[in-house]
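Me: Can you walk me through a structure? Keep it short, please.

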Amino acid sequence: MIKKLVSISLLLVMLSLLGAGIQAQDDIETYVLGIPLPFTGSFGSFGQDFERGILLAVSQMNAELEAAGSNIRFDTASADTEQTPEGAARALQTIAQTTGAQVVVGPLTTDEVLGAKQFADENGIVIVAMASSGPAASIPGDNIYRVIYPPDTFSSKAFATIALERGHENMVVLHVDDPFGNGMNEQFIANFQAGGGGEVASFGYAPQSTELSTEAAAVSAALAGFGDNAGFFCVCFPGAAQAFVQVAQVDPILTTVQWMGNEAMTTLEMLEDPGHAQTLINANFVTVSQSAASTPLTPIFNADFVAMFDKEPGIFTNYAFDAANIAMLTMLAAGNDGAAVKSMLPFISNHYIGTTVQAYLDDNGDQAIASYGIRKVSDDGTAFEVIGSYNGNTDTITYN
Amino acid sequence: MPLLQLFNLRKDFGGLRAVDDVSLEVATGAIVGLIGPNGSGKSTLLNLIAGSAERTAGRIIFDGDEISGLSADQVFQRGIARGYQDPSLYLKMTTLDNALLPVKSQRGEHPWYAPWRRFWQKQEAENARAAAGVLEQVQLLGHYDSLASDLSGGQMKLLEMGRSLMGSPKLLLLDEPTAGVAPNLAYEIFEEISRLRQQHGITFLIVEHRLEILFDFVDSVYVMHLGNLLAHGSADDIASNETVREVYFGD
Amino acid sequence: MPSSLLVTSLVNTIQIGSLYALMALGLTLTFSVIKLPNFAHAEYVTAGAYAALIISLAGVLNPLIIIAVAFLVGALTAVVSHLIVFKPLERQNVSLYTLILASFAVGLIIRYILFTIADYFNIFDLRIAIPLQILFRTGSLILTNLFAWVAPTSIVLVILLTLLINRTALGREMRALANNTILARVIGIPVERVKNYTWLLVGGMAGVAGALWGLQSAVSPLMGWAAIISVFAAAILGGLSSFPGTILGAYVVAFSENTIMLFLNFSYGVDLAYKPAIPFIIIIAVLLIRPQGLTQLLKRAGELGR
């Protein structure tokens with residue numbers, strides 16, 4: 001009996017070795033694309049949606065490669081960044097050490113990207129970030145490429161231009177206290193005052209905050225101190241933005257001034273509470289956003305995504321899809337080697353048109369084409385609708 | 001039939017045998033003394049009976065049921081209460097609270113009744129009345145609202161005994177009830193014990209060093225030495241027993 | 001500091017302080033009766049909040065029913081974590097450090113279960129959407145029905161819990177356990193049952209706090225964890241044993257995080273992002289200067305409930 005078992009197991013082992021041998025004969029080469037994204041935390045749903053966008057790009061690419069008889073295939077390896085810089089560094093390390101990946105698509109926020117930067121630079125790993133936009137990560141010569149979404153130098157200027165156009169003399173800013181929020185705040189103040197604006201009062205909130213009544217009280221008091229012609233600018237992540245609007249909707253001052261806000265706070269969840277939607281409508285809320293941009297490939301991407309995952313892609317998901325394609329195309333041209341990918345990526349992305357806009361990288365490895373939509377809450381309070389556009393390269397606003 | 005029977009009870013602490021094959025009986029309604037030099041295993045024996053120490057071997061039969069292996073609160077529910085040499089009271093609770101703690105099956109113990117006063121008010125009043133009766137018996141009624149820490153040593157002993165009564169015990173295990181108590185009060189404590197036996201039919205097993213008082217009240221006495229039972233008999237027998245005198249009084 | 005800001009911040013202090021008190025009393029109870037500084041306490045709050053959110057999304061908008069469901073789910077989570085983890089560990093007589101680590105682990109497990117649920121239904125950062133009504137309005141302050149629910153409900157529950165501890169048989173037995181568990185067993189207090197009931201109350205209170213938190217802010221899987229340090233600060237101010245001390249501590253922490261923080265911001269430009277540091281500063285200061293907390297200020301100090 002034991003003999004039988006032993007011989008069967010031996011047979012199985014031999015078969016599996018044989019299988020490996022057959023595969024080896026086929027000579028398929030696998031390139032690994034790392035996916036360090038926040039899969040937990042308040043950005044967890046973003047991270048999971050972005051991952052789906054990347055998996056769609058990879059499966060389409062593999063199908064094309066197989067049809068063309070190529071011996072190269074792409075595989076992915078995901079790790080959770082936990083939405084913190086330390087977590088991002090850990091995630092990158094895990095991916096690199098377990099799979100040897102040379103290129104990663106992600107992480108999400110500027111905070112996380114900067115957290116992962118040191119490990120990437122030291123180990124020659126190329127970071128292709130899809131949605132990070134904080135000016136703090138605009139660094140020439142490093143391993144970070146931000147291929148689609150332009151840095152906030154443009155959008156902060158757009159917000160300053162809108163504030164001035166609205167006739168605000170003074171502004172109050174509430175921003176998340178991280179590289180993204182601080183950068184946005186500083187550049188907004190600089191642009192606003194350069195354009196003739198007056199004083200700006202800024203309040204930072206701690207990134208993990210889930211309750212913002214103290215902050216709302218401070219913002220409200222500062223607005224009251226400025227008197228008429230003061231405006232409010234919110235640079236918040238979605239969860240904190242929800243908590244803030246929850247308090248602000250019953251604030252006597254905040255309900256009487258005009259608001260602007262960053263793109264990340266304009267999620268559909270924000271409008272699920274009719275009170276929140278009405279607050280934003282009353283406040284004449286506008287945002288400057290990239291996600292409104294589209295190309296002829298956008299509807300095709302949407303259809304493919306629905307076919308594969310049986311759900312609509314979320315906001316920015318096509319950015320992840322485009323970033324993954326740029327990364328894979330560069331790897332096909334340069335090989336599975338970080339240094340080669342780093343050198344060739346600007347050339348490839350400058351010749352790429354995907355589902356968003358054309359990519360054109362500046363000396364920092366950041367998207368240089370800045371064409372935004374201006375959006376507000378629709379009158380029925382169910383969606384954000386485009387009311388105009390902002391050209392970052394010429395600093396001009398056009399309303400529809 | 002005896003109220004309490006021990007069969008070959010044994011307790012080892014590591015290599016040390018604190019109680020070695022002790023078998024004894026306590027008759028219903030009796031006052032039984034347990035004496036012996038320090039370290040002879042008396043307190044350990046009480047702990048084994050009360051369920052606060054786990055036996056190594058042997059059986060404990062109480063009121064016809066085997067209770068070996070039950071936890072302390074289960075043993076208490078069967079009707080055995082234990083007193084301590086140093087009064088173990090809740091010093092930061094009032095005298096009345098201390099007396100009310102052991103009362104069995106109070107409705108206010110349940111979180112679904114506790115918020116509604118009318119579900120337990122009547123029962124609580126009855127319990128308080130019973131507690132007042134017990135406190136009066138041990139002459140502490142005037143101190144019902146004092147913190148236990150404000151009582152004198154003797155009063156603490158009496159409160160401890162009163163608290164034991166609140167659980168309507170059949171058997172009281174007392175560990176040196178007169179330790180640290182003034183001589184006149186010590187005699188009073190034993191008179192109280194005697195009265196409790198008469199009025200409530202409570203059985204007592206008492207560890208005591210003041211033999212002159214103990215011998216006036218007991219029906220029989222067990223003598224322990226080095227974990228073993230050395231002798232058993234009436235107070236007079238024990239007082240005149242040569243072996244006992246040797247190990248106990250050293251002469 | 002302008003008077004309108006002062007008034008708003010004091011209103012926030014009352015609201016947040018009441019919620020902290022509700023959570024911190026539970027922590028104090030677990031610490032004194034069960035002898036466990038329970039870091040999983042945060043997750044009972046979150047569990048209650050998600051229970052409340054889910055039934056509110058299902059169309060139940062009666063705050064009383066929402067609060068009752070949150071109580072039940074919070075209580076269930078706490079009792080289950082006791083029966084599955086803490087009770088077996090206590091049986092094995094493990095050290096306090098082991099228990100603390102276990103409480104961290106239990107917390108993590110519950111948190112990630114909640115993450116999974118939130119992810120499945122895609123319910124992040126949502127509010128328990130009871131329709132908003134304005135009850136009172138001046139130029140600088142608006143009070144809504146949410147304030148009328150959150151603060152009074154917490155205060156009523158805090159008072160009820162205090163009465164329960166000081167006036168009922170269950171409370172008497174919990175106080176006894178807090179002082180001496182071994183003696184409690186010897187004098188016939190059903191120790192295991194009292195512990196189960198303690199967990200039930202503690203979890204229920206935490207669950208209600210979560211629901212109320214979700215009424216005034218938003219529900220996310222991290223909300224309890226984000227509040228736990230403030231809650232611990234409140235309990236430590238109470239010396240981890242005294243009820244009035246803990247309640248006072250809760251309002252002191254909320255006052256520091258709101259009024260004092262805003263004052264520092266307004267007068268000295270201290271960034272609001274330092275707010276999360278306040279409870280840490282309080283904890284360290286209390287442990288260094290006054291480890292017994294605020295208890296000694298009160299008569300009959302040191303006993304649970306007093």
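Here is a quick chat about chain C and the side of it that touches chain A.

Me: What should I know before reading the numbers?
Reply: This is a predicted model: local features need pLDDT of at least 70, side-chain atom pairs count only at pLDDT 80 or more, and totals for chains, interfaces and linings use all residues. Residues are numbered from 1 along each chain as its sequence is written, while chains are lettered from A and ligands numbered from 1 in the order in which they are written.

Me: How many helices and strands in chain C?
Reply: Eleven helices and two strands. These are DSSP runs: helices are H or I, at least four residues, and strands are E, at least two, numbered from the N terminus.

Me: In what order do they run?
Reply: From the N terminus, chain C goes α-α-α-α-β-β-α-α-α-α-α-α-α.

Me: How much of chain C is buried?
Reply: Buried residues are 58% of its 306. Buried means 20 or more other C-beta atoms within 10 Å of the residue's own, with C-beta atoms placed from the backbone.

Me: New topic. How many residues of chain C are in contact with chain A?
Reply: 38 residues of chain C, against 33 of chain A. Contact means C-beta atoms, placed from the backbone, within 7 Å.

Me: Which elements of chain C give two or more residues to that side?
Reply: α1 (3-34), α4 (96-121), β2 (142-144), α9 (223-237) and α10 (243-268).

Me: Which one gives the most?
Reply: α1(C), with six residues.

Me: And what box do the C-alpha atoms of chain C fill?
Reply: Roughly 65 × 45 × 35 Å, along the principal axes.

Technical notes: A residue is buried if 20 or more other C-beta atoms lie within 10 Å of its own, exposed if 12 or fewer, and partly exposed in between; C-beta atoms are placed from the backbone. Two residues are in contact if their C-beta atoms, placed from the backbone, lie within 7 Å.
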